[in-house]
Amino acid sequence: MPGFRRLYPPAVASGSRALWFVFHDADLVIRNGAAWPLLEGSTDAPETGPVATPILIGEFDGLPLLAGAWLPGALVPDGYETTGLRALFARGDEQMSALAGCAAQLLRWQRTMRFCPACASPLAPVSGSWGRRCTACEYSAYPPINPAIIVLIHDDAGRALLTTRTGWGKRYSLVAGFVEPGETFEQCVVREVREEVGVDVADVCYVSSQAWPFPHQIMVGFMARYTGGAIAVDHNELADAAWFTRNDLPELPPPFTISRRIIELWRSGGQTLNVERLLPILRQHIFSRRAEGIDCQRRLEGLDRVWYVAR
Ligand SMILES: [Zn+2]
């Protein structure tokens, strides 16, 4: 991330000025109406006064970046208000959202991971990391990050299979699910799609990922091509699943979510293709452009919406 450098315990903040993420329970304390979620202060405390469990997470634009928890029972003073992490995400500043998510996860880790889950002895820091090691039995642990896949299923007829859950109203999104032990992301995509909507997919293709600190996930985004089966909704997970064309999409998730970004990528022409399907398209493209005497290489580089999937 530009402007940000991670630091790990036992690093100490240098200088006198510092930037702070201050959390009131799960919410951030910000200046009234501020779009910027950071408070200023010294390396000892933010501008709002002392905080509990301060941690140094890195340097931002050369200044120490710290995070701390609001003191229990203290009132938020005039001139300040609280805002949720989701509201911060919705503002669209990806770097600040990611840093605030990082701060929230590390604060939660420091607060909750104090005793060994195996023998209940106190845990001690592992130098050079956020890890904790048991002082009695050597059990060690690091901040949890749970990977979950999220996948847009498309067919060859220009449709995408979207799903909705109870409580989502008219909004539809992508199939998603947690990676199980011993599973690759690609295997997880195939299994989750099969379990949740009953269809088969192939040509699973990575698109992008999004850190999702609710509470400590990373969403790993894919596209996959429908290969067969009728929709059979798992009603323990979903309220409905249906095919939609690009011109007939339902209400979608908000723009800052990876699900919406993948849907928009598909809406603008993105899909996965296996080699057998890709080569004829490339050959045709080369041939037609050669006939027109146009630089083939340059034209191929313009094909930024075709995914290449090795088999
Ligand atoms: Zn132990």
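Begin by selecting strands S8, S9 and S10, which form an open sheet in that order with antiparallel pairing; strands here are DSSP runs of E with at least two residues, helices are runs of H or I with at least four residues, and both are numbered from the N terminus. Two strands count as paired if DSSP finds at least two bridges between them. The edge strands are S8 (123–125) and S10 (140–141), each of which pairs on one side only.

This is a predicted model, in which local features need pLDDT of at least 70 and side-chain atom pairs count only at pLDDT 80 or more, while totals for chains, interfaces and linings use all residues. Residues are numbered from 1 along each chain as its sequence is written.

Within S9, Arg 132 is the bridge partner of Pro 125.

Now move to helix H4 (residues 258–267) and show Ile 258, Ser 259, Ile 262, Ile 263 and Trp 266, which are buried (20 or more other C-beta atoms lie within 10 Å of the residue's own, with C-beta atoms placed from the backbone). These residues lie on the same side of H4 because they cover an arc of only 140° around the axis, the arc being that of the directions from the helix axis to the C-beta atoms. Just after H4, select Gly 269, which takes a positive phi of about 120°.

Finally, zoom out to the whole protein, which has six helices and 18 strands, and in which buried residues make up 28% of the 311 residues.

Note on methods: Buried ≥ 20, exposed ≤ 12 C-beta atoms within 10 Å, placed from the backbone.
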